[in-house]
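The following exercises are intended for practice in reading a protein model.

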Amino acid sequence: MDLNFLTIADLAEDLQPLRGLLRPFESDSSVHISLQRVGWDRAWQTLLMDALEGKGPHVSQIGSSWTATMSMLDALRRFQPNEIESMGGEAQFLPAAWSSVKSEKYSEIWAIPWSIYIFVLYYRRDLLERAGLDPEKAFATPQAMRESFKILSQHGITPWAFPSLHPYADLAHIASSFARANGGDFISADGRKPMFASPESSAGLKEFFELYSFIPTAMHGLSSEACAQAFASGETAVLVGGVEIADELLNSPDSIQEVRDNLGMTTPPGVPWIGGDHLVIWKSVRANAELEQSALDLLRFLSKKETQLEFYKLENILPARIDAYSEIKFSLDSTAATIQRILQTGRPHPTLQLWRRIEAFLNEMLTDIGSAVLRKPETSASEIAERMLAEYEQKLAAMLKG
């Protein structure tokens, strides 16, 4: 029997570790997994069209924040309580991951958590020491991060490079921690009221855009990969990146020895975002009982602690299961503590059926504000951000009413 599994990967060769992971399941079940690939740049559009046309794959990977929207389209198969228990039960998954397996209005479970994704701050211990900064305090709040960047600059050290001028898919995820730093958020829990121009949210976001003034002109418009390369080559003191790139920074031939010897990791300021991926079964499998059972068996296999640990070893992707973390050995001493702080204090985006549309709006807004700040260095970044946040809040409010 063939079971179609749609995964999100930018390159065909990125599927090889997953193919290896699935071999024991195929051997034991006599099911052949037909892996299909879609790049991240086209993933949402592809899944959306499949949902609208009712022709989705049997099983697929989706972004955790997409679940509520996908459930609204009546294309997914919901999970029964006994099926969830057979996969370990809710208690075996990280609360932040489990909170996004359903929409805000309904109790039905539409997805099973597969992985966790978070952003961390990497820093050079030697450069912070030269500037007299304590890494435990230097980035504790948005205000502290701005002051630390100012001190680094005064010591002739370039604080950071950050993706700017061009759309960056993770911008809303990273900026959300600043929006939440003072008790604010991008939007109300019910999804009806935008909040990014409120005093609480805008205070943190204005601090975020103040950090853009520390991006050197020569580094405007860099991609996230180019920012990581600048950090690895010793050009900057701080990098925002996924927890998985720690090994790349430590082992890449492009990383200078000073970076390898002095690499540290800590949490971003504010309330960190927690994202990741879920696994879903498409409603179409219900037409074939044997196929439906195979799809459930596959999710049981992928949600096992042992499978998620093996996938971490292969791909450096953090597990969604709580009990897996005690068995992971991280390459940086500070990684485990940083991850635990984020998992304890962070949270995902709200589980709104319109979230995917709202997220696209937020990324456009944040890119526009950041670009305006870089184009007008003579004007206060806070002043630009405050004005534009208010304008965009009115636009989103009108869109939500419409």
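The model is predicted, so local features need pLDDT of at least 70 and side-chain atom pairs count only at pLDDT 80 or more, while totals for chains, interfaces and linings use all residues. Residues are numbered from 1 along each chain as its sequence is written, and side-chain values use heavy atoms, with hydrogens and water left out.

**Exercise 1. Cavities**

Task: Determine how many cavities of 30 Å³ or more a search of the whole structure finds, and describe the lining of the largest cavity.

Solution. 

Step 1. Rolling a probe the size of a water molecule over the atoms shows where empty space is left. Here a cavity is a set of points, on a 1 Å grid over the protein atoms alone, where a 1.4 Å probe fits but cannot get out; lining residues have an atom within 4 Å of a point. Points are joined across faces, edges and corners, and a volume is the space filled by probe spheres set on them.

Step 2. The largest has a volume of about 120 Å³. Its lining comprises 15 residues, of which F119, I174, S177, V240 and P268 are the closest to its centre.

Step 3. Helices (H or I, at least four residues) and strands (E, at least two) are DSSP runs, numbered from the N terminus. Strand 4 (112-124) and helix 9 (171-179) each supply at least two lining residues, and helix 9 gives the most, with four.

Step 4. Ala, Val, Leu, Ile, Met, Phe, Trp, Tyr, Cys and Pro count as nonpolar, Asp, Glu, Lys and Arg as charged, and the others, Gly among them, as polar. On this basis the lining of the largest cavity has 13 nonpolar, two polar and no charged residues.

**Exercise 2. Positive phi**

Task: State where L165 and N316 are placed, and whether each is buried or partly exposed.

Solution. 

Step 1. Most residues other than glycine have a negative phi, and most peptide bonds are trans.

Step 2. L165, which is not a glycine, has a positive phi of about 75°. L165 is in the loop between helix 8 and helix 9, and is partly exposed because its relative accessible area is 36%.

Step 3. N316 has a positive phi near 65°. N316 is in the loop between helix 15 (305-315) and strand 8 (318-319), and counts as buried because its relative accessibility is 19%.

**Exercise 3. Contacts of L22**

Task: Identify which residues L22 is in contact with, leaving aside its neighbours within four places in sequence.

Solution. 

Step 1. L22 is found in helix 1 (residues 16-29) and, at 1% relative accessibility, counts as buried.

Step 2. With contact meaning heavy atoms within 4.5 Å, the residues are F5, I33, L35, L298, F301 and L302.

Definitions and conventions. On a 1 Å grid over the protein atoms alone, a cavity is a set of points where a 1.4 Å probe fits but cannot get out, and a pocket is an open set with protein on both sides within 12 Å along at least five of seven lines; lining residues have an atom within 4 Å of a point. Buried means under 20% relative accessible area, exposed over 50%, partly exposed in between (1.4 Å probe, protein chains only).
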